[in-house]
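Here is my note on the model, in numbered points.

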Amino acid sequence: DKDLESYWGKRRKVAVIQKRKFAKPGRHEFNLFAGAIPNDAYVNYLALGLNYTYHLSEFFGLELTGSWLKGFNTNLSDGIKSAVAGTTQTFNIIQLEKLMLVAHLSAVFSFIHGKVSILKANLSHFDLYMLAGGGISYYQDSEQAPTIATGGVRPLGNIGLGFKFFLNNWFGLRLEYRQYITKNTDGIANPSLISLGVGFFTKGSEG
């Protein structure tokens, strides 16, 4: 077998593809991530979160996610105030609430998964996946308007697209985009989360 692999490797100038070493069915995944929500005009958010995934098969999994968000006011309101300064117009912007927590359950579908060779020495695996689900969001009352209680718990939906790269049988990296759909004081909000995380996997049947 070694002679045969060496023969065809020389003729084709590539190594023979090996059997997939990383199997997901029945395994538990824990992922710690950090990210940002940059698409709010008045508040930018930094996020820290944790999710847990149970892999039913190579293609399907169930994921539970929770994340904490810290909001920072942008310079937009100050810029608007500066633009009308010195005129007869008066302008005031009050941020009534900020997104603070999200939690949701999602179905994960890995529609592309495969393996790549690194320097013809090691074989690593990757997944390209989609997800969708629902949960809750929590808005905290802003310090700018402490007497106006607008915050609270609201329903939340989310869809997303992500890429996982498995460095070995128990550790990997994860890049993800999530589109949230929830409600705020202005109506429907669509915060977009871009995150990078590290994942840890429990031992599977193949080690």
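1. Start with burial. Lys164 and Glu29 are both buried, where buried means under 20% relative accessible area, exposed over 50%, and partly exposed in between, with a 1.4 Å probe and protein chains only. This is a predicted model: local features need pLDDT of at least 70, side-chain atom pairs count only at pLDDT 80 or more, and totals for chains, interfaces and linings use all residues. Residues are numbered from 1 along each chain as its sequence is written, and side-chain values use heavy atoms, with hydrogens and water left out.

2. How many salt bridges does a search of the whole structure find? The search returns eight. The criterion is a side-chain nitrogen of Lys or Arg within 4 Å of a carboxyl oxygen of Asp or Glu.

3. Take Lys164 and Glu29. Their side chains form a salt bridge at 2.7 Å, N to O. Lys164 belongs to strand E6 (residues 152-166) and Glu29 to strand E1, so this pair ties together parts 135 residues apart in sequence. Strands (E, at least two residues) are DSSP runs, numbered from the N terminus.

4. Glu29 has another partner, Arg174. Here the closest N and O atoms are 3.5 Å apart. Arg174 sits in strand E7 (residues 171-184) and Glu29 in strand E1, so the pair links parts that are 145 residues apart in sequence. Arg174 counts as buried because its relative accessibility is 3%. Glu29 counts as buried because its value is 2%.

5. Arg174 also pairs with Glu63. The closest N and O atoms of this salt bridge are 2.4 Å apart. Glu63 lies in strand E3 (residues 60-73) and Arg174 in strand E7, so parts 111 residues apart in sequence are tied together. Arg174 and Glu63 are both buried. Shared partners join Glu29, Glu63, Lys164, Arg174, Glu176 and Arg178 into one salt-bridge network.

6. Now the nonpolar core. The term covers buried Ala, Val, Leu, Ile, Met, Phe, Trp, Tyr and Cys residues joined through side-chain atoms within 4.5 Å. The largest such core has 13 residues, and those touching the most other members are Ile37, Tyr45, Leu69, Leu99, Val102, Tyr180 and Leu193. Strands E1 (28-37), E2 (43-55) and E4 (97-118) each supply at least two of its residues. E2 gives the largest share, three residues.

7. Which residues does Val102 touch, not counting those up to four places away in sequence? They are Thr65, Gly66, Ser67, Leu69, Ile136, Ser137, Leu156 and Tyr180. Contact means heavy atoms within 4.5 Å.

Key. Helices (H or I, at least four residues) and strands (E, at least two) are DSSP runs, numbered from the N terminus.
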